[in-house]
Amino acid sequence: MEKKARQYEVQIGEIADRHRESDAVDQVLYDIKLLRKSINLAIDQEALEDLIEQVEEYVHYDESLEYILNQIPNDIKALLFRL
């Protein structure tokens, strides 16, 4: 799981390198919101909604991509890598 979480971070970093960091941040938020629709995943929906709210707040306060990725649990990043 740790490897997939790291692979997701690298994937998002590549988006930031090709475009802008804000595009990568938007992609992270979009990906997390996609998890809501993933009915096959055993995710605590309340915890997921809390995470979405946190990331939206980080975006609002213009936190860095690195900071945002560090706040997302590795198990969630591993799931995001599979999307």
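**View 1. Overall fold of the predicted chain.** The secondary structure of the chain comprises five helices and zero strands, where helices (H or I, at least four residues) and strands (E, at least two) are DSSP runs numbered from the N terminus. Read along the sequence, these elements give the pattern α-α-α-α-α. The radius of gyration of the chain is 12 Å, close to the 12 Å that the globule rule gives for 83 residues, so the chain is as compact as a globular protein of that length; this radius is taken over C-alpha atoms, and the rule is 2.2 Å times the number of residues to the power 0.38. The C-alpha atoms fill a box of roughly 30 × 25 × 20 Å along the principal axes. This is a predicted model, in which local features need pLDDT of at least 70 and side-chain atom pairs count only at pLDDT 80 or more, while totals for chains, interfaces and linings use all residues. Residues are numbered from 1 along each chain as its sequence is written, and side-chain values use heavy atoms, with hydrogens and water left out.

**View 2. The largest nonpolar core.** This core has 23 residues, and those with the most contacts inside it are Ile12, Val28, Ile32, Leu65 and Ile72; a nonpolar core is a set of buried Ala, Val, Leu, Ile, Met, Phe, Trp, Tyr and Cys residues joined through side-chain atoms within 4.5 Å. Helices α1 (2–18), α2 (21–35), α3, α4 (65–71) and α5 each supply at least two residues of this core, and the largest share, six residues, comes from α2. Not counting residues up to four places away in sequence, Ile32 touches Leu48, Leu51, Ile52, Val55, Ile72 and Leu80, a contact being heavy atoms within 4.5 Å.

**View 3. Lys77 in helix α5.** Lys77 lies in helix α5, which spans residues 74–82, and is buried, with a relative accessible area of 2%; buried means under 20% relative accessible area, exposed over 50%, and partly exposed in between (1.4 Å probe, protein chains only). Leaving aside neighbours within four places in sequence, Lys77 is in contact with Lys4, Ala5, Tyr8, Glu9, Leu69 and Ile72.

**View 4. Gln54 in helix α3.** Gln54 has its place in helix α3, residues 45–60, and is partly exposed, with a relative accessible area of 37%. The C-alpha atoms of Gln54 and Gln71, which are 17 residues apart along the chain, are separated by 8.9 Å.
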